[in-house]
Amino acid sequence: MKLKKYYILLFINFTIHLFSQNSDTIISKPKLENYIRLNYDNDFFSATDRYYTQGIHLTIVHPIIRYSPISWTLIKLNEKALNYYGLIFTQDCFTPRSIRYDTINYLERPYAATFFVSHFLTSINSTKKTLLQTQVDLGFIGPCAKCEEEQKAIHKGLVNIRPLGWENQIKTDIIINYRVKFEKGLLIQKNFELMANSSMRLGTLYTDIGLGLFMRIGFFSPYFNDLGLQKKAITNKFKLYGVFKTNSKLVGYNAVLQGGLFNEKSVLTVPENRVNRLVFDGLAGVVIAYKRVSLEYSKTILTPEFEGGLFHGWGKCVITVCF
């Protein structure tokens, strides 16, 4: 309980600091583009079948989303910032180290499935090279997320082994989470950009705080000008660049390891004393874009999330269309 109170107080202090930036102004505010993005994660690209095994994320950015009743919970940098409102539909699937056994291994992580809808606002101050993203996640964890049926269908279609043990997955519970991420440009040049970020998540799915660095090298439009693509690009129609990220995270609670907060206890969870409180991850990838369309491929490496766990990696494929 002391740890949870610490995170809540830290979150309130962080939010007050962000509101204090509302005195900033930007001279002009161009018409914003709309975006649709499909993100597919799978550890198949790392030749494994464990832990975070698959993620599907569909993102829609459109100004009409600002009229959602949830919008009042999202924070702008200031009234004249570039404010992109969007929705993300997310399904994430997690498995133990091996999917070949139907017996319970109490030293392993459980099967877990999540599905949630995120309402987010990305607010950009191009003058001060700052970006603030706030996000509300609403959904559920458990069998109703349908990861079991999906994984079994994929394995059957590929004539692969049948996953065993899904009957012991994390039981159904609700997801209510709030996320804040703040980015600041440290070194901004024509073909090189370095940004620092701080983040916080608080809720029934994830509670943690993080720090990270983000670097881009190549041919691109400035990071703090938009979300990466322009509907009527006059210059920089062709983009090709590498992306590199590194993050550290202090973990307070992780429901896909420890189970939901409100429902009955799941058959298998990772005890609190076996959860690694400090976790690191790194990403390297490449983005190629022309006019309104971009393609991205990247690989992520994650340090063990619990005592006795393994390093884990997965690949990510992303297609983004601006309209």
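Leaving aside neighbours within four places in sequence, Q258 is in contact with G252, Y253, T269, V270, E272, V275 and R277. The model in which these contacts occur is a predicted one. Q258 belongs to helix α3, which covers residues 255-258. Its relative accessible area is 12%, and since buried means under 20%, Q258 counts as buried.

From this helix the description can turn to the sheet. The strands form a closed barrel of 12 members, in the order β1-β2-β3-β4-β5-β6-β7-β8-β9-β10-β11-β12, and the pairing is antiparallel. From one strand to the next, the twist averages 20°. Helix α2 packs on this sheet, where it touches β2, β3 (82-95) and β4. The direction of α2 makes an angle of about 65° with that of β3.

Where do β1 and strand β12 come together? They pair in the antiparallel sense over eight bridges, with β12 spanning residues 312-322. Within this pairing, L38 has I319 of β12 as its bridge partner.

On one side, β5 pairs with strand β4 (residues 112-125) in the antiparallel sense, over 12 bridges. One of the contacts in this pairing sets L121 against T134, its bridge partner in β5. β5 is also joined to strand β6 (residues 173-188) by 12 bridges, and these two strands run antiparallel. Here L132 has F182 as its bridge partner in β6.

Most residues other than glycine have a negative phi. The hairpin formed by β4 and β5 has four residues between the strands, and K129 in this turn has a positive phi of about 55°. K291 also has a positive phi of about 55°, although it is not a glycine. K291 lies in the loop between β10 (278-290) and β11 (293-302), and is partly exposed, with a relative accessible area of 39%. A47 is a further residue other than glycine with a positive phi, here near 60°. The position of A47 is in the loop between β1 and β2. Is A47 buried or exposed? With a relative accessibility of 73%, A47 counts as exposed, because the class of exposed residues begins over 50%.

Another loop, between β8 (206-219) and β9 (238-254), holds N225. N225 is partly exposed, at a relative accessible area of 39%. Residues up to four places away in sequence aside, N225 touches L82, Y84 and S126. N225 and N125 are 100 residues apart in sequence, yet their C-alpha atoms are 8.2 Å apart in space.

The empty space in the model remains to be described. Rolling a probe the size of a water molecule over the atoms shows where such space is left. The largest pocket has a volume of about 310 Å³. Its lining comprises 18 residues, of which N42, F44, D49, I154 and H155 lie nearest the centre of the pocket. The elements that give two or more residues to this lining are β1 (35-42), β2 (51-61) and α2 (147-157). Which element gives the most to the lining of the largest pocket? That element is α2, with five residues. By residue class, the lining divides into eight nonpolar, seven polar and three charged.

A search of the whole structure finds two cavities of 30 Å³ or more. The second largest cavity holds about 40 Å³ of space. The residues that line the second largest cavity are Y51, R109, L302, T303, P304, E305, F306, L310 and H312. This lining divides into five nonpolar, two polar and two charged residues.

Notes:
Residues are numbered from 1 along each chain as its sequence is written. This is a predicted model: local features need pLDDT of at least 70, side-chain atom pairs count only at pLDDT 80 or more; totals for chains, interfaces and linings use all residues. Side-chain values use heavy atoms; hydrogens and water are left out. On a 1 Å grid over the protein atoms alone, a cavity is a set of points where a 1.4 Å probe fits but cannot get out, and a pocket is an open set with protein on both sides within 12 Å along at least five of seven lines; lining residues have an atom within 4 Å of a point. Grid points are joined across faces, edges and corners, and a volume is the space filled by probe spheres set on the points. Ala, Val, Leu, Ile, Met, Phe, Trp, Tyr, Cys and Pro count as nonpolar, Asp, Glu, Lys and Arg as charged, and the others, Gly among them, as polar. Two strands pair if DSSP finds at least two bridges between them. Axes are lines fitted to C-alpha atoms, for helices over the stretch in contact, and angles run from 0 to 180 degrees between N-to-C directions. Contact means heavy atoms within 4.5 Å. Buried means under 20% relative accessible area, exposed over 50%, partly exposed in between (1.4 Å probe, protein chains only).
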